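Reader: Please take me through the labels attached to this model one at a time, and tell me what each of them rests on.

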Amino acid sequence: MPFIFLMVCLALTIGWFLYRAGDDATEVLARNALMEVMGRVGQAIDRQTLSARESLNVVAPPPVPSFEPGEAPAVLPFPKDRKQLEERLWLANGLFDDPSYVYFGGADGSFLGIKQETRNRFMYSVREPDGKNYVSYLRGPGTEMKLTAVQDYDPRTRPWYRQAIESGRETWSPVYTDFRLKHLGINLSKPIFDADGSLMGVASSSIGLRQLTEFLQQLPLGRNGVAFVAELKGEMIATSLNEPLHEIKGNGAEFTRLTAQQSKSPLVQQAFAEVQRHLAANPAEPGRLVLLGARSEGTKIEVAFRLHHDPAGLDWLAISAAPRSDFLGSVTGGVYQTLLLGLVAVCLTFVIGFLLLRWVLRDIRKLTLAAKSIGNGSPFPALNIDRNDEIGQLAHSFQEMERNLRTDRLTNVLNRDSLIAQIDFRRRNSSEANPLQFGLLFIDLDRFKAVNDEHGHDEGDKVLIAIAERLQHTLRHDDSVARFGGDEFVVYLHGVSDMEIARSIADKIRHSVNKPIEGRGGQQYAVDASVGVSLYPADGLDVETLLRVADSRMFDQKRLHRILSV
């Protein structure tokens with residue numbers, strides 16, 4: 001009996017340890033899944049708001065900063081001629097595929113607006129000072145217009161106009177309901193001033209928010225997961241659930257927006273309550289992803305949220321939540337099988353069972369750390385798991401997954417997502433005592449297309465592989481190279497904060513690329529490279545901005561190469 005009692009206690013101990021290991025792995029999987037969802041939701045929100053801002057910048061470009069210290073920025077004059085203004089509105093409408101509405105209300109009461117409703121259907125609205133507003137439809141610039149309505153409309157009385165004048169700067173409107181389309185929308189407006197400081201009017205860009213809901217409804221959220229976007233007080237903006245965002249009151253003339261607390265989903269209600277509870281005790285940090293754990297009716301849930309803040313007055317909460325049980329099935333089978341092996345080993349001998357327990361838990365913890373590294377972009381730890389069972393296969397799958405996720409299959413250098421993740425990891429782990437400084441080189445191969453066209457893609461692939469090897473041999477241990485796409489590469493220069501040093505490295509890389517490359521049948525290929533340089537934090541505080549700056553400078557160099565080659 002004592003021996004049986006000892007075996008039962010040991011078996012229960014093994015089961016408890018394995019349950020804890022499975023629970024930890026489930027938590028990691030759930031949180032990594034939410035982090036992935038929140039990253040995609042953040043990109044969708046940025047894409048929506050960026051479309052309004054960039055459209056508005058086409059209509060009324062911001063001042064261009066001067067390179068000379070103390071010199072005033074260059075201001076692009078706003079068109080006073082209606083024909084020129086109309087051209088800008090057409091350009092702004094064609095900037096993005098999503099339907100948009102850009103318009104300008106003059107201080108004299110004039111109005112001009114162009115709204116894309118479908119791909120080949122535009123609404124053209126115009127008003128002369130102190131006149132009627134004429135609304136027509138047409139298929140595009142220069143096509144025949146069909147007058148559909150004549151309205152009494154003065155833009156100076158509209159909320160978007162008054163709000164921009166009162167604030168004196170670029171301003172987001174409150175989220176509103178489009179009564180005709182019965183969808184939510186928002187617009188970005190800014191006042192326009194003449195060179196002498198007199199008010200010319202207000203330019204505005206309006207976007208619909210239905211695309212954001214459609215995006216959320218397409219996310220892989222699991223069986224019971226939810227994702228939604230709401231304002232700080234809870235008014236819903238978009239949701240992954242098939243439920244309305246507003247309700248109609250009275251005789252259908254009044255639309256009232258619904259809040260997260262009014263959602264039909266208890267998970268949405270509790271997720272928003274958890275976020276409110278956290279924000280009540282902790283100051284909101286825009287852009288920071290926060291992960292919370294909670295219980296809902298006895299079930300563990302994971303909640304992730306991020307505050308999206310815009311200086312023009314936008315404060316949106318992106319929230320995602322999922323029960324941890326949604327991810328339990330992916331680890332339950334392996335845990336049960338490992339438990340069975342542990343029980344068999346315990347029956348054979350106490351010592352062998354104890355050693356097997358340590359062996360199993362050690363490898364599961366290694367896999368857990370590996371899962372965390374894939375989620376947060378940190379270096380992948382060496383697993384050193386040499387086993388032929390399911391855990392060994394899982395470890396091999398982790399290593400294969402890590403290689404496929406982080407490297408380019410052709411050139412065996414990092415891919416774009418992996419480079420960005422590693423840079424973000426370094427940024428998160430930097431501090432004032434140990435600040436992060438680095439440079440990015442955006443490399444585009446010149447004359448590479450001729451190799452593909454004249455000798456085939458196989459020879460082109462050989463050139464890309466050779467270029468990637470040269471770039472790796474040229475760089476230091478702490479530097480990294482990634483294939484950005486096609487014949488473009490990005491180089492990360494750790495600790496480089498001086499533009500001259502970065503350009504010197506760029507010249508060294510270009511000379512390395514210029515060397516002939518051996519091809520089929522003794523053929524030699526000569527390619528060149530155009531290199532753009534950007535520095536962190538001088539040229540930007542995020543990777544996308546740095547890549548955009550380096551890309552722009554690369555094109556400047558490419559144009560210079562073309563001029564010099566003529």
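**A loop residue and its label**

Author: L232 has a relative accessibility of 40% and counts as partly exposed. The model is predicted, so local features are given only at pLDDT of at least 70 and side-chain atom pairs only at pLDDT 80 or more, while totals for chains, interfaces and linings use all residues. Residues are numbered from 1 along each chain as its sequence is written, and side-chain values use heavy atoms, with hydrogens and water left out.

Reader: Why is L232 called partly exposed, and where does L232 lie?

Author: Buried means under 20% relative accessible area and exposed means over 50%, with partly exposed in between, using a 1.4 Å probe and protein chains only; the 40% of L232 therefore falls in the middle class. L232 sits in the loop between β10 (226–231) and β11 (236–239), where strands, like helices, are DSSP runs numbered from the N terminus (E, at least two residues, for strands; H or I, at least four, for helices).

Reader: Which residues is L232 in contact with, leaving aside its neighbours within four places in sequence?

Author: With contact taken as heavy atoms within 4.5 Å, the partners of L232 are F272, Q276, L307, D315 and L317. The C-alpha atoms of L232 and L279, which are 47 residues apart along the chain, are separated by 9.7 Å.

Reader: What makes D130 and R447 worth a remark, given where their phi values lie?

Author: Most residues other than glycine have a negative phi, and most peptide bonds are trans. D130 has a positive phi of about 60° although it is not a glycine, and R447, also not a glycine, has a positive phi of about 70°. D130 is placed in the loop between β3 (121–127) and β4 (133–138) and, at 67% relative accessibility, counts as exposed. R447 lies in the loop between β18 and α10, and its 48% makes it partly exposed.

Reader: How do you know which side of α10 is buried and which is exposed?

Author: The buried residues of α10 are F448, V451 and N452. Because they cover an arc of only 95° around the axis, they lie on the same side of α10, the arc being that of the directions from the helix axis to the C-beta atoms. On the other side, K449, D453 and E454 are exposed. Cover for the buried residues of α10 includes β18 (438–446), α11 and β22 (524–525), and the helix is followed by G456, whose positive phi is near 95°.

Reader: What describes the way α10 and α11 meet?

Author: The axes of α10 (residues 448–455) and α11 (residues 457–474) come within 7 Å and cross at roughly 145°; such axes are lines fitted to C-alpha atoms over the stretch in contact, with angles running from 0 to 180 degrees between N-to-C directions. F448, V451, N452 and H455 of α10 make the contact with H457, E459, G460, V463 and L464 of α11.

Reader: What makes β9 largely enclosed?

Author: Eight of the ten residues of β9 (residues 199–208) are buried, so the strand is largely enclosed by the rest of the structure. Two strands pair if DSSP finds at least two bridges between them: β1 (residues 100–106) and β9 are antiparallel over seven bridges, with V102 bridged to S205, and β8 (residues 183–193) is joined antiparallel to β9 by nine bridges, G185 standing opposite G208. β8 and β9 form a hairpin with five residues between them, and in the turn G197 has a positive phi of about 90°.

Reader: Why are β17 and β23 called edge strands?

Author: Five strands form an open sheet of mixed pairing in the order β17-β19-β20-β18-β23. In this sheet β17 (414–415) and β23 (528–536) each pair on one side only, and they are the edge strands. Nine bridges link β18 and β23 in the antiparallel sense, and G439 stands opposite L535 there.

Reader: How many helices and strands are there in the chain, and what share of the residues counts as buried?

Author: The chain has 13 helices and 23 strands, and 47% of its 566 residues count as buried.
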